[in-house]
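Colleague: I would like to learn how to read packing and backbone features in a model. Could we go through one together?

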Amino acid sequence: MIYSCFDVGGTAIKVGLIDEKGSFQQRDLIPTPAEGGPGIVDSLCRIVRQQQEKVPLAGIAISTAGIVNEEAGIVEYALSIPGYTGTPWKERLESEFHLPVSVENDTNCAALGEYWLGAGQGVSSFFAVTVGTSIGGAAVKDGKVLHGATHAAGEIAYMRLPAGQFHDVASAAFLCREIAKEKSVPEQDMDGYRAFQLIERGDEPALRSFHTFCQNLADGLTNIISLFNPERIVLGGGIMSREAVLRPPLERALSERLPERMLPPKGLAFAKLQNDAGLLGALYVLKNKRIPLG
């Protein structure tokens with residue numbers, strides 16, 4: 001069986017045709033329509049119709065930015081995409097295509113993708129933290145995500161730390177901005193790749209910013225560990241691919257903040273699925289509405 005899977009973000013939409021074992025049959029990347037919500041819905045419907053001309057589909061799985069009511073299949077709030085709040089994905093797609101449809105928040109999907117086929121395998125509980133332009137989180141227990149009373153559990157970007165709001169002081173955007181300031185270069189000239197080139201080269205201004213970033217991130221992780229006591233913390237996002245650079249200072253900072261007994265017994269893990277996590281997690285959600293995946 002083949003499933004149509006989407007990962008909707010503010011700038012791009014990932015598209016995949018994936019079988020029940022998580023193997024990609026086809027993948028694509030398209031820009032997110034500038035008109036926002038209505039354009040996104042029209043684009044996805046057009047893609048599904050094109051897919052149906054080539055292969056019979058068993059269902060449609062959507063991972064999306066925003067606060068999602070996963071039971072109703074509605075985007076309840078979306079800050080970064082205009083006209084997207086209130087999008088009734090499940091109702092629209094089921095009525096048009098007569099296929100099973102699932103809708104889930106993108107960070108939750110990424111975490112579930114890692115649980116199924118990535119860094120969350122082999123543990124019963126973990127907290128996933130995605131570090132990018134902002135910071136997202138998801139608590140996973142026995143293959144299920146904690147959604148919360150208003151479907152906003154895991155919105156850790158708003159967490160308050162000694163240095164400020166988590167999003168403002170420990171995102172990849174913060175690291176790049178701080179290094180640009182230290183190096184007296186325009187912010188637009190500093191990205192994650194360039195930042196880690198400087199860090200790995202031992203550039204002192206970059207290392208100062210990196211130290212601050214790691215301390216702030218460790219403050220947030222300490223709060224999460226204290227609250228959830230997970231077996232493992234899974235770190236994802238583009239810059240988290242630099243495990244060799246990030247692991248030592250983060251482990252050291254956590255050991256300075258928490259007694260050994262409180263540290264996650266299965267430690268820190270770095271996401272394995274990279275850009276595929278959201279699509280695979282979306283499929284995991286859809287399939288587990290009926291039967292568990294092996």
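Colleague: Is Y115 buried, exposed or partly exposed?

Modeller: Buried means under 20% relative accessible area, exposed over 50%, and partly exposed in between, using a 1.4 Å probe and protein chains only. Y115 is partly exposed, at a relative accessible area of 22%. A word on the model: it is predicted, local features need pLDDT of at least 70, side-chain atom pairs count only at pLDDT 80 or more, and totals for chains, interfaces and linings use all residues. Residues are numbered from 1 along each chain as its sequence is written, and side-chain values use heavy atoms, with hydrogens and water left out.

Colleague: How many aromatic pairs does the structure hold?

Modeller: Rings of Phe, Tyr and Trp (its six-membered ring) pair if their centres lie within 6.5 Å; planes under 30 degrees apart are stacked, over 60 edge-to-face, and the rest tilted. The structure holds 7 such pairs. One of them joins Y84 and W89, edge-to-face with 6.4 Å centre to centre and 70° between the planes. Y115 and Y284 have ring centres 6.0 Å apart and planes at 75°, so this pair is edge-to-face.

Colleague: Which parts does the pair of Y115 and Y284 tie together?

Modeller: Helices are DSSP runs of H or I with at least four residues, strands are runs of E with at least two, and both are numbered from the N terminus. Y115 lies in helix 3 (residues 106-117) and Y284 in helix 9 (residues 277-288), so the pair links parts 169 residues apart in sequence. Y284 is buried, at 9%. Together with W116 and F126, Y115 and Y284 form one aromatic cluster.

Colleague: Which residues touch the most other members of the largest nonpolar core?

Modeller: In soluble globular proteins, nonpolar side chains tend to be buried together. A nonpolar core is a set of buried Ala, Val, Leu, Ile, Met, Phe, Trp, Tyr and Cys residues joined through side-chain atoms within 4.5 Å. Here the largest has 42 residues, and V129, F166, F213, L217, I224, L235 and M240 touch the most other members. Helix 7 (residues 204-228) gives the most to this core, with 9 residues.

Colleague: Where is N229 found?

Modeller: N229 is in the loop between helix 7 and strand 13 (232-236). Most residues other than glycine have a negative phi. Phi of N229, however, is near 50°, a positive value. N229 is also exposed, with a relative accessible area of 52%.
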